[in-house]
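User: I've got a new model open and want a quick tour. Can you take my questions as they come?

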Amino acid sequence: MTRALALALVLAACTTMADDEPSNGHAAAPPTVAASDRGGNRLEVLEHRNGRSCTPDNAWCVAPSGEFFNMRNGGSTVVTGATREEETQSTWPFAIRRANGHVIMGIVFTTSEMYSGGGATASVITLYDIASGQDAATPVVSLPYGGSASIRACFDEEDRRARREACSDEYEMSGSINLDATSTGAWPRLIFTTDAWTYPGRVSRSEDSTQAPPLTRADLVWAHDEACTYRRVLTYAPGAEGYAPDAPLPECSDYLTQ
């Protein structure tokens, strides 16, 4: 059984993570809702224009190449972002407009690997703070955007029978960043949440599934991974020149490694 990972990083004023498995069977993200905070920061949904993703007023644009464009006054000043070898890049479909005129935009970096009977992908998002007149975007946080893996678990007919035709272990994880509407600071406070699931039932890449007891019909469900479903509050730390979580992030290597 295979399912495509819905990798979505969305922002909302408030987020409630699901307590039960979604009806579509994979990791779910909160709905997209425009929001603002008490400090005057707000988020906007970007619009696609000529291969770029732009703010509704067309003041700022970002390209998958990692370039940011300041479109004010009819110009198109390029603010250099970042590129990474051996990774594909995409744009984060949101922007945070700070009260001081800066904007926070993001690039998603994704790595993929295929191997016999399966494959894995892992994504990291880096958010950048950008101001008019800057010649470089300043990275302020990097977070796990999501990951998925499909690991072959059947090698002969006996395995197929023992696994009830569920011949792959599936792992899916998605993340979301939410603007904290109660924040009054010049730097917006962010809430980062993740949602993680495995199939069939609770499986782990550190264990050999071929050595496990035969599956029952009750095992053929997606199981919520509570350890890798978590919430962190991200606050800007001036000394660190970036955002810091209120507690360390779990490793969650089942979802985030190749």
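User: Which strand is Ser90 in?
Analyst: Ser90 sits in strand S7, residues 88–91. Keep in mind that this is a predicted model.

User: Is Ser90 buried, exposed or partly exposed?
Analyst: Ser90 is partly exposed, because its relative accessibility is 32% and that class runs between 20% and 50%.

User: What does Ser90 contact, leaving aside neighbours within four places in sequence?
Analyst: Ser90 is in contact with Pro64, Gly106, Ile107 and Val108. There is also a C-alpha to C-alpha distance of 7.6 Å between Ser90 and Ser65, which are 25 residues apart in sequence.

User: OK, the largest core then. How many residues, and which touch the most other members?
Analyst: The largest nonpolar core has 30 residues. Ile125, Leu127, Leu143, Leu190, Tyr243 and Tyr255 touch the most other members.

User: Which elements give two or more residues to this core?
Analyst: Strands S8 (94–97), S9 (103–115), S10 (118–130), S11 (138–152), S12 (168–179), S13 (190–199) and S15 (231–237) do. S11 gives the largest share, five residues.

User: Let's zoom out. How many helices and strands are in the chain?
Analyst: The chain has two helices and 16 strands.

User: And how much of the chain is buried?
Analyst: Of its 258 residues, 47% count as buried. The accessible surface of the chain is about 12200 Å², and carbon and sulfur atoms hold 50% of that.

User: Switching to backbone. What joins Tyr199 and Pro200?
Analyst: A cis peptide bond, with omega at about 0°. Tyr199 is in strand S13. Pro200 is in the loop between S13 and strand S14 (223–224).

User: Is Tyr199 buried or exposed?
Analyst: Tyr199 is buried, because its relative accessibility is 5%, under the 20% cut-off. Tyr199 and Ser150 are 49 residues apart in sequence, yet 9.6 Å apart in space, C-alpha to C-alpha.

User: Last topic, pockets. How much space lies in the largest pocket?
Analyst: About 340 Å³.

User: Which residues lie nearest its centre?
Analyst: Arg163, Ser209, Ala212, Pro213 and Leu215 lie nearest the centre, out of 20 lining residues.

User: What is the lining made of?
Analyst: The lining divides into eight nonpolar, four polar and eight charged residues. Helix H1 (residues 157–162) gives the largest share, three residues.

Methods. Residues are numbered from 1 along each chain as its sequence is written. This is a predicted model: local features need pLDDT of at least 70, side-chain atom pairs count only at pLDDT 80 or more; totals for chains, interfaces and linings use all residues. Side-chain values use heavy atoms; hydrogens and water are left out. On a 1 Å grid over the protein atoms alone, a cavity is a set of points where a 1.4 Å probe fits but cannot get out, and a pocket is an open set with protein on both sides within 12 Å along at least five of seven lines; lining residues have an atom within 4 Å of a point. Grid points are joined across faces, edges and corners, and a volume is the space filled by probe spheres set on the points. Helices (H or I, at least four residues) and strands (E, at least two) are DSSP runs, numbered from the N terminus. Ala, Val, Leu, Ile, Met, Phe, Trp, Tyr, Cys and Pro count as nonpolar, Asp, Glu, Lys and Arg as charged, and the others, Gly among them, as polar. Buried means under 20% relative accessible area, exposed over 50%, partly exposed in between (1.4 Å probe, protein chains only). Accessible areas come from the Shrake-Rupley method with a 1.4 Å probe; for residues, only the protein chains shown count as cover. A nonpolar core is a set of buried Ala, Val, Leu, Ile, Met, Phe, Trp, Tyr and Cys residues joined through side-chain atoms within 4.5 Å. Contact means heavy atoms within 4.5 Å.
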